[in-house]
Amino acid sequence: MTRLSVTSLMPSYTLEVRMDNPLWRRVLVISAALVVGLALSVAILVIAGVPAENLAGEFAVTLLDAHSINAVLVQAAPLILVGAAAAIAFRARYWNLGLEGQMIAGGVAATAMSIWQVGPEASRLVVMGVAAAVVGAAWVIFPTILKLRLMVSEIISTLLLNYIAMYFMYHLLFGAWKDPRDSYPYSPEYKAFERLPELWHGIGAGYVLALVVVALLVWLTQLSRFGFSLRFVHDNPNFARRAGLWVVGITFSSVLISGALAGTAGFVVSASIQGRLTQAFFTGYGFSGILIAFLARNNPLMVVIVGMLYAILFVTGQNLQVFYQVPFAVVQLIQAIIVICIAGSDFFLNHRLVRRV
Amino acid sequence: MTNIAVELSGIRKTFGGFVALDDVSFTACYGQVHALLGENGAGKSSLMNILSGLYSPEAGSIQINAMPLSFSGPKDAVRAGVGMIHQHFKLVDKFTARENVLLALAVDRKKPNTQEVHQKILRLASRLHCEIDPNRIVGTMSVAERQRVEIIKALALGSRILILDEPTAVLTEKEASSLYEVMAEIAATGTCVIIVTHKLRDVKAVAAEAMIMRQGRVVATVDPKVTTTAELTTLTVGTEIPEPRRSTKPSGDCVLRIEGLSGRDDAGPLKGTSLQVRSGEIYGIAGVGGNGQTELVDALSGVGDIKDGQILVGTTSREWTDATRLSSAQLLDLGLAWIPADRQNCALATRLSVQDNYAIAHIRSGIGSRFWINRRAIRKLASQAVAAADVHGVRSLAQWVGLLSGGNAQKLVVERELSRSPKIIVAHSPCRGLDVRAAAAVHGRLLEARDNGIAVILISEDLDEVLAISDRIGVMSNGRIVAEFNAPGDRQAIGDAMVNHV
């Protein structure tokens, strides 16, 4: 039996650890956390000067306006991909902090395909996407070998490779790949057939790609033998080895997939949002990806939901800045509050108040 | 006669619907050793956790020195004079003994004086007839010595009521005898000593009074001096448990040869181990812990570090495969299986479900293909296994396996390993921490495996266990097998071989 620790809040109540958590309670607690987070955010926005009655309208606008929905979906695609990349790595106990570097690697690879005009027009997008995934995975091979062979912490090695990728990209953007038209340090624009098109009523190809990837990940993690083995590698690598699982191979595969997904995210950002390779296209995605994976508890389906939530927060934040001059710092504050509320709701999932004798 | 130290009345405690304690009353006096006897899950640890302030009861009262008290946490209990020595010691390994005692005193907001504490430790240690150097780092001490530090710590805090939770589980026979003396000594100074145990030997050796619990209720309160072992067993488990009889079926050909196995370090534990095991026999390896047993099991499980020597496994066509440096996966394919001593770390994934922890043994066959794991097949296999192995405490196959009690988890592990239909099975301390009933069940499974032609290697520090079911007994000392005996072994000769290094 697990030891329970009992502390007292008030004279007649104590806390105890819960033993099980049915789905309805989990949904209830997370919804309650969301409501609390939103309530706090509303309070902050009102203090920041946004008239209260406009706020309801604001959220409705984000959720119902065609332009905003489009923006949300476009923004959600790379967030879902990066969140999925973090999640699959975390499932193998590999702390991949190099998501941004892998995104850059993917973006650079896709842009290279565009600049070197590899492949016929009809399949250029596919070539770019595949190149992005492959190079993104390649960018994570070296730190993984360092970890598996020499026990070098991947937290440090993947993180530092972000900078190497970034400076290499600057080298290209300020040099050989500088746009000749205006000499600005971004790549020449992608041609029309090199951009991810809008497929149907605002749903872009990038979003569909993200959903397809998640569907594959759901199969991989929940239904396949690989996913079954991966859960043992995550919970107890010692036992996994003695049970005959190929721990090194399973870990390596998960990490490669993670790199490939991050690379694909880089491709999606460049080919749908930016339309070219820019200096700062990757900024913030690494941190967001990690947070999304944590909130989603490394579950691919939850990554979609949490990614959408992030995208909604992001677009709403943009609208607040543009229409109400709410400073960016306040927008970030609100995002942080909502994340803290949801993460903190864990406490209520794991404990309950009991009246003491 | 003697004054009452502790009186618990009508205690009731439930954990989410499971009734751990049902109207339990317990009394203990100063100057006596009381025993709480019961199987795992009987409720004795829960009762003592309530007395030491870790849990609070839903009903019932606690009286110490005839004053009703209610604890809001362990600190209240310590202030009331209750000191608990847990099975897993609460010591900081990197601190010295003195620093650990200082820490405990400081947490209780007493202002400790280092010199005073140093002297106090020496005084208490001499009174308990043991040598504890307060300057030694706890991490360098043996398990028995660490236990002494825990006891001294509790006494230094001024505990008049000392509770020991399964104290002999981690001790050798000699160390346990020495502990009994210490406990008698402490009781003689007027402290109330309570020992929570499932071992009859503890109760008979040291207790003035024993309260027997079963399934959350008090079954009886007896005087161990006038109660026989058989009577105590019956009270504890509800029926008589006969020890499984050793079989007389003859064994077959040799299937495992270990020759001159040595580890990587010259100072390493294995120094040329050699032995042979036949199919259909149980080869028991007796010996004091730390003589290379763990390294031998590691080598046979595919996680060892071997420099010299060979492990040879016999195939059906009378050929020998060199299994010395194979991986765990390869050894499993060759027909080996193992039951490790450290269940939590090496035999289970504690946060995964019961059914998954069973099905992992059948991951290549029987639960689906590479592309689709058949959850229904898993559930069916697991539920059959749980029923066949008589595993209790499984409210749902999807619950965490870490929630199962030690005995039940071990039954599941044994069932899983035997379901691989291995040719050779290595059992390392399979009954450590298990109560009488669960241990008998595990022994029964091993004997059954033996009768089915499996070669069983049983490695255990419990000489009784080795003597009870082995066909041949090897004594391991200093990294080698130094003597071999046929069953029934001469206990004296084996004991001598264990302690005399050649």
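Welcome to a predicted model, where local features need pLDDT of at least 70, side-chain atom pairs count only at pLDDT 80 or more, and totals for chains, interfaces and linings use all residues. Residues are numbered from 1 along each chain as its sequence is written, while chains are lettered from A and ligands numbered from 1 in the order in which they are written.

View 1. Helices (H or I, at least four residues) and strands (E, at least two) are DSSP runs, numbered from the N terminus; axes are lines fitted to C-alpha atoms, for helices over the stretch in contact, with angles from 0 to 180 degrees between N-to-C directions.

**View 2. An open sheet of 6 strands in chain B**. Follow the order β6-β7-β8-β3-β9-β10, with mixed pairing (two strands pair if DSSP finds at least two bridges between them). At the edges are β6 (82-85) and β10 (217-222) of chain B, each pairing on one side only. Strand β9 (residues 209-214) joins β10(B) in the antiparallel sense over 5 bridges, and B:Ile212 stands opposite B:Ala220.

**View 3. The β14-β15 hairpin of chain B**. Here 5 residues separate the two strands, and B:Arg318 in the turn has a positive phi of about 60 degrees. The antiparallel pairing spans 3 bridges, with B:Gly314 opposite B:Trp320. On β11(B), B:Gly263 has B:Ile306 of β14(B) as its bridge partner.
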